[in-house]
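Subject: Structure handover

Hello,

Here is the structure for you to look over. Please open it alongside this note.

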Amino acid sequence: MPADATPQKAGNVRATRRKFGGTQAQIRGALAIYKYCAWISGTFLLLLVVEMVTRYIFGFDLMAGATNASTGENVALGWLNRDTGNLTGGLNISTGVLIIHGWFYVIYLLACFRLWLLMRWPLPQLIVMALGGVVPFLSFIVERRIHRETVAQVAANPKSAKRY
């Protein structure tokens, strides 16, 4: 260090070393969980879009184990016409997709939050990650970018993780 070095002369020089909120093993584990959650949430979001189109544009729901209302025959898998009610009983798969996506989106948000905390990213990064579960195809794009960025940052800063 030079003899005339002072904090005033240094100005706003930032250290290049990056600090993380956890160890590399914790970050890699959170990244793996985030990756799986992003893919599952993205897949269910696409199924949800298909379900919304068939329900609100065409007026049909997908049913399993229903009974044909006019003939009384069992239908393993069929389309319920919401106007005529051609099927009775059974499991409404369309509603199941809604429920599964909703609950899994909560799990996806927790995975996003965990990775965001460990990486100590700014708040807009968390918002973009969270939008991945509500904008079709975005979770796949964001997941790929987040994965690449996280691996690069961890590799570039091998001694920056907290040690317990």
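Below is what was found in it.

The model is predicted, so local features need pLDDT of at least 70, side-chain atom pairs count only at pLDDT 80 or more, and totals for chains, interfaces and linings use all residues. Residues are numbered from 1 along each chain as its sequence is written, and side-chain values use heavy atoms, leaving out hydrogens and water.

Confidence: pLDDT is the predictor's confidence in each residue, from 0 to 100. The protein averages 86, and 86% of the residues score at least 70.

Helix packing: helices here are DSSP runs (H or I, at least four residues), numbered from the N terminus. H4 (residues 123-131) packs on H5 (residues 138-156) at about 140°, with the axes 8 Å apart. That makes H4 oblique to H5. H4 contributes Gln125, Val128, Met129 and Leu131 to the contact, and H5 contributes Leu138, Val142, Arg145, Ile146 and Glu149.

Phe44: this residue sits in helix H2 (residues 24-56). Phe44 counts as partly exposed because its relative accessibility is 22%; the class lies between buried (under 20%) and exposed (over 50%), using a 1.4 Å probe and protein chains only. Leaving aside neighbours within four places in sequence, Phe44 contacts Val97, Ile100 and His101. Phe44 and Gly133 are 89 residues apart in sequence, with their C-alpha atoms 9.1 Å apart.

Best wishes

Note on methods
Axes fitted to C-alpha atoms, helices over the stretch in contact; angles between N-to-C directions. Helix = DSSP H or I, 4+ residues; strand = E, 2+ residues; numbered from the N terminus. Parallel < 35°, antiparallel > 145°, perpendicular 65-115°, else oblique. Contact = heavy atoms within 4.5 Å.
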